[in-house]
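These notebook entries record what I looked up in one structure. I began with helix packing and then turned to aromatic rings.

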Amino acid sequence: MSRPELIAPPEIYYGDTEATKYTNNTRIQQIQADMTYRALELLNLPPDEPAFLLDIGCGSGLSGEILDEAGYVWAGVDVAPSMLGACRDVVLCCGCADGAGEVALEREVEGDLFLQDIGQGFGFRPGSFDGAISISVLQWLLNAETSHPTSAPPHRLTRFFTTLHSALRNPARAVLQFYPTSDDQVQLITAIAQKAGFGGGVVVDYPNSKKARKVFLCLFVGDGGAAQVPRGLEGEGEEDADARVKFERRRQREARRGKSGKQRDVKAGKDWILKKKELYRRRGKDDVPRDSKYTGRKRKAVF
């Protein structure tokens, strides 16, 4: 089976049908969640502190859900309109979704969504973000869509890394998971990232496993460049209990505490409903019901 990036550009490959299949596939959901947890661990943000993150290639919000759970504020960019859904007020290169995308809204993500070709660079103010993550996106920049010089992978990668470096504060980190087809692609990406001003390097998890092997580009900005590149996980894959990421262990402990009776943010409760209604109002939806004393109250069964 051919790799998706070799079949068509992402905005064409991920049409309405493919975007829905991708989003509803439970195996893909689990893989995206595991890689997002790992990216957050490599990002190494200070615990219990707010952060504004950039989700590059956010798609329909699979990784954004994890950022929501972790308590981060985030913005997401993606080039596929079908992934984001029907966006209103789209501007050419960097379009903000005043009303969030349909697919992303179905997953109830809270980040701000932008329709953006990352190969053309970002238009954010310098120092806007405390960090950036990207899951399964960078390999799409390694294929030229046309014969024009600006479509060449080195040109698009240079625009991407240069503007990403500018958008991150100092110090900060960016963790980009991708699927290279050769060592030459890894060397090309690393060289262009270093030329753009980044420090850091490549982290490979489970290097001896064909199925579980994952490649992360861990980049540092400013003082973070003096930090040591994290070590990759060893073993044969997910079955190796000693190789589970710390962030995932912490999430499991929190889930167990919820089962023991401590208060948790339960979906469909009054606070959760009010929070979602306020989010939809900010995004410009016109048919949001008004708040009342009956909001979130359970109805009696009617026979």
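The entries below follow that order.

Entry 1, the model. I note at the outset that this is a predicted model.

I looked up how helix H7, residues 153-167, lies against helix H8, residues 183-195. Their axes come within 9 Å and cross at roughly 45°. H7 and H8 are therefore oblique to each other. I recorded the crossing of H7 and H8 as right-handed.

Which residues make the contact of H7 and H8? On H7 I found Pro154, Leu157, Thr158 and Phe161, and on H8 Leu188, Ile189, Ile192 and Ala193. By class, the residues of this contact divide into 7 nonpolar and 1 polar, with no charged residue.

I then looked up ring pairs, taking centres within 6.5 Å as the criterion. By this rule the count comes to 11 aromatic pairs. Is tyrosine 13 buried or exposed? Its relative accessibility is 19%, so tyrosine 13 counts as buried. Tyrosine 14 is buried as well, with a relative accessible area of 13%.

Entry 6, a cluster. I found one aromatic cluster formed by Phe52, Phe114, Phe122, Phe124, Phe129, Phe160, Phe161 and Phe198. Phe161 of this cluster is also one of the residues of H7 in the contact with H8.

Technical notes:
Residues are numbered from 1 along each chain as its sequence is written. This is a predicted model: local features need pLDDT of at least 70, side-chain atom pairs count only at pLDDT 80 or more; totals for chains, interfaces and linings use all residues. Side-chain values use heavy atoms; hydrogens and water are left out. Axes are lines fitted to C-alpha atoms, for helices over the stretch in contact, and angles run from 0 to 180 degrees between N-to-C directions. Helices (H or I, at least four residues) and strands (E, at least two) are DSSP runs, numbered from the N terminus. Angles under 35 degrees count as roughly parallel, over 145 as roughly antiparallel, 65 to 115 as roughly perpendicular and the rest as oblique. A crossing is left-handed if the near helix is turned anticlockwise from the far one by less than a right angle, and right-handed if clockwise. Contact means heavy atoms within 4.5 Å. Ala, Val, Leu, Ile, Met, Phe, Trp, Tyr, Cys and Pro count as nonpolar, Asp, Glu, Lys and Arg as charged, and the others, Gly among them, as polar. Rings of Phe, Tyr and Trp (its six-membered ring) pair if their centres lie within 6.5 Å; planes under 30 degrees apart count as stacked, over 60 as edge-to-face and the rest as tilted. Buried means under 20% relative accessible area, exposed over 50%, partly exposed in between (1.4 Å probe, protein chains only).
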